[in-house]
Amino acid sequence: MSALITITILALLLLYLGLFKAKKALLPVALIGLMVALVLSLMEWDSNAAPIFSNMMLYDRFAVAFSGITIFLTILIIALSKDYFERISSNVAEYYALILFSLAGIILMVSYHNLSMLFIGIEIMSVSLYILAGIKKRDFASNEAALKYFLMGAFSTGILLFGVTLIYGASGSFDLEGIKQYILKDPTAVSPLLYTGITLLIVGLSFKVGAAPFHFWVPDVYEGSPSLISAYMSTVVKVAGFAAFLRLIMFSFAPLQDFWIPMIIGMSVLSLLIGNVTAVYQQHFKRMLAYSSISHVGYMLFAIIALNGSSDNAVFVYAAAYSVATIIAFGVLILLQGQVGNDSFDSFNGLARKNPFLALTLTIAMLSLAGIPLTAGFIGKFMMFSKALSSYHIFLVVFAALNAMIGIFYYFKVIVAMYFKEEDRKELIVPVYFKLVLGFSALVTIALGVYPDFIASLI
Amino acid sequence: MEVQSLPVDYLPILFQMLVALGFVVLTMTITHLIGPKRKTADKLSPFEAGIEVVGNARTPVSIKYFLVAILFVLFDIEVIFMYPWAVNFREFGVEGLIEMFIFMATLLLGYIYVIKKKAIEWGD
Amino acid sequence: METVSQSIQGIPLNHYILLSAIIFTIGVIGVLIRRNAIIIFMSVELMLNAVNLLLTAFSVYWGDASGQVFVFFIMALAAAEVAIGLAILTMIYRNTNSTDINILNRLKW
């Protein structure tokens with residue numbers, strides 16, 4: 001809760017720092033403020049938290065864990081932004097403020113206890129992101145990304161709201177506890193409005209996390225947006241969307257499993273298939289990452305399919321592993337785009353000879369995304385698969401394993417290009433901030449892969 | 001209270017709609033039929049006053065209009081949160097007053113930001 | 001106040017649900033088949049207003065004010081969305097050096 005207030009005040013502070021021309025102070029203030037927020041949010045670790053603000057929010061361990069990870073990832077991404085926004089325009093303070101405002105929305109999304117807070121959180125996050133997607137005002141791709149993201153976002157918000165309304169009509173409450181009590185009263189005889197409501201709510205949230213068949217905006221938006229914003233969208237925003245999804249289903253709709261599980265299984269299978277198969281055919285690294293993010297949503301949906309007390313933990317580990325690796329990938333991508341001006345797979349040729357450090361961190365990231373043992377990604381996939389197996393979804397696991405193999409193929413394309421294709425090229429200049437973030441993220445990835453116990457039973 | 005509104009209760013509304021629609025359709029058809037028609041170039045021009053039309057009606061306007069309109073929409077809509085507060089002013093007491101002041105202060109910060117950014121200055 | 005909500009309750013709830021569902025569907029169809037960004041945008045607003053109507057009806061039906069408060073939030077956030085959306089559209093107009101909306105018809109998703 002105090003993290004939320006800190007972040008909001010920090011965003012306003014940055015906005016005014018920009019007004020008073022304190023450009024140099026922006027990045028340090030943002031980083032320090034976020035670290036304070038991280039510490040404050042971790043201090044609220046409490047296993048028997050009660051809802052606060054007239055039952056609007058509940059800062060339980062789930063909320064603390066997910067707000068912790070989102071703030072942590074934002075710190076990593078903001079550290080990568082050194083000199084990045086300055087190249088786009090002079091309104092740097094606004095960009096930082098918008099990222100922090102969207103983070104404030106995200107904190108609401110992971111700690112809501114009332115559907116109105118879910119809606120407000122999603123909107124605060126989305127509205128900031130619509131702007132951020134289009135900050136390259138002269139670039140048509142960025143414009144198109146902003147417009148597509150905006151139209152799709154607004155459309156999905158409408159669907160989500162209709163779902164919320166129908167649930168309210170059936171149960172007479174926006175409160176998660178109230179809805180749960182209504183369902184538990186007689187799970188066999190709930191109003192048909194509730195079923196429609198749940199369906200629409202799931203559709204709306206799937207739009208937000210980019211699960212197939214509601215994924216069609218993802219590749220275009222991720223490709224068109226500035227790379228740093230794409231990194232933010234594919235990590236922090238995705239984790240937050242997923243946390244909101246999981247919280248809703250764990251809290252309120254668990255008794256109606258028979259109704260929504262087929263839907264989620266369908267979405268998971270489609271996401272895996274479309275994400276992985278299309279990613280194979282991509283020629284550009286950024287677009288490949290976009291499709292791979294769709295496939296990772298497919299894996300994360302396993303935790304919802306096999307819903308039980310430890311689902312949140314599985315999602316937490318998977319999301320952390322996926323996000324950290326993705327941040328490394330985007331960090332290298334930003335350097336490459338800035339200095340080579342191209343992100344096709346060919347532009348990675350011979351990177352290992354000139355920039356062994358970059359090549360090593362990117363290799364670790366790709367191995368983690370592919371789910372090779374001794375990386376965090378493997379632990380994440382392992383937890384997901386064992387959850388699905390424990391609820392006897394054997395075909396699903398076999399299918400996902402096949403898809404993971406396809407995944408290995410396209411992730412290794414990058415590694416092969418870096419290490420085995422020779423090409424004369426200039427050395428990329430790696431700023432200190434990048435070295436720190438990439439090195440740290442690679443260490444985290446390995447550390448989680450070797451000692452998974454550290455976060456495997458956190459929540 | 002009335003137990004239920006039956007469909008028959010809506011009959012007057014239906015009549016009203018039919019009459020309104022019928023009047024429009026009828027008058028338009030009649031004027032169309034009995035009015036004289038002279039289609040010359042002058043008759044079809046937007047202004048039948050003998051002056052040549054200059055330029056396009058949809059010329060670009062200054063972006064400032066747009067900015068002011070958008071800012072108006074944003075600040076205008078916040079009033080809806082003040083109505084419920086004003087209605088329940090006594091019940092909310094001092095706590096509600098403080099909360100509302102925080103809300104207003106946030107808005108005010110936004111407004112100062114807008115002024116400082118010279119978003120509503122008209123001079124060029 | 002009492003009489004207003006009583007006379008609203010006189011109309012069966014199903015009528016409100018049907019009306020809202022129809023308006024909402026018109027909005028969804030508008031979003032899906034139109035290729036003009038501004039009309040898509042208006043269709044989205046139509047969807048939101050269908051939601052507002054239904055929320056108010058449910059709120060009276062349950063005798064619970066929270067539904068109407070939710071409507072306020074939807075209105076305020078829809079206004080924020082309008083501001084951002086129109087700004088994005090203006091940005092695109094300026095970039096393509098044209099006020100012609102057809103330029104947006106190239107977008108396919």
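Where in chain A is A:Leu374 found? The legends below refer to a predicted model, and the first view answers the question.

**View 1. A:Leu374 in a loop of chain A.** A:Leu374 sits in the loop between α15 (356-370) and α16 (376-390) of chain A. Its phi is near 75°, a positive value in a residue other than glycine. A:Leu374 has 14 C-beta neighbours inside 10 Å and therefore counts as partly exposed.

**View 2. A:Phe53 in the loop between α2 and α3 of chain A.** The helices on either side of this loop are α2 (26-43) and α3 (61-79). A:Phe53 is another non-glycine residue with a positive phi, near 55°. Is A:Phe53 buried or exposed? With 12 other C-beta atoms within 10 Å, A:Phe53 is exposed, because a count of 12 or fewer falls in that class.

View 3. A:Pro213 belongs to the loop between α8 (192-209) and α9 of chain A.

**View 4. The fold of chain A.** The secondary structure of chain A consists of 19 helices and 0 strands. The C-alpha trace spans about 70 × 55 × 40 Å along its principal axes. Of the 459 residues in chain A, 61% are buried. Contacts between residues at least 6 apart in sequence were also examined in chain A: 79% of them join residues at least 24 apart.

**View 5. The contact between chain A and chain C.** Chain A contributes 31 residues to this contact and chain C contributes 30 residues. On the side of chain A that touches chain C, the elements giving two or more residues are α5 (115-133), α6 (140-171) and α9 (217-224) of chain A. Which of the elements gives the most to this side of chain A? The answer is α6(A), with 16 residues. By class, the side of chain A that touches chain C holds 18 nonpolar, 7 polar and 6 charged residues. For the complex, the predictor gives an ipTM of 0.89 and a pTM of 0.87.

**View 6. The helices of chain C.** Chain C has 4 helices and 0 strands, in the order α-α-α-α along the sequence. Buried residues account for 28% of its 109 residues. Among contacts in chain C between residues at least 6 apart in sequence, 44% join residues at least 24 apart. UniProt, in an unreviewed entry, places the feature "transmembrane region" at residues 15-33, 40-63 and 69-93 of chain C. Residues 15-33 of chain C are 100% helix and 0% strand, with end C-alpha atoms 27 Å apart. Residues 40-63 of chain C are 96% helix and 0% strand, and the end C-alpha atoms lie 35 Å apart. The average pLDDT of chain C is 81, and 80% of the residues score at least 70. Where pLDDT is low, the predicted coordinates should not be read in detail.

**View 7. Domains and annotated spans of chain B.** The domain assignment divides chain B into domain 1 (7-44) and domain 2 (63-116). The C-alpha centres of these two domains of chain B lie 46 Å apart. An unreviewed UniProt entry lists residues 13-34, 65-85 and 97-115 of chain B as "transmembrane region". Over residues 65-85, chain B is 81% helix and 0% strand, with end C-alpha atoms 32 Å apart. Residues 97-115 of chain B are 100% helix and 0% strand, and their end C-alpha atoms lie 26 Å apart.

Technical notes: Residues are numbered from 1 along each chain as its sequence is written. Chains are lettered from A and ligands numbered from 1 in the order in which they are written. This is a predicted model: local features need pLDDT of at least 70, side-chain atom pairs count only at pLDDT 80 or more; totals for chains, interfaces and linings use all residues. A residue is buried if 20 or more other C-beta atoms lie within 10 Å of its own, exposed if 12 or fewer, and partly exposed in between; C-beta atoms are placed from the backbone. Two residues are in contact if their C-beta atoms, placed from the backbone, lie within 7 Å. Ala, Val, Leu, Ile, Met, Phe, Trp, Tyr, Cys and Pro count as nonpolar, Asp, Glu, Lys and Arg as charged, and the others, Gly among them, as polar. UniProt positions are given in the numbering used here, feature names are shortened, and annotations may be inferred rather than shown by experiment. Domain bounds come from an automatic or database domain assignment. pLDDT is the predictor's confidence in each residue, from 0 to 100.
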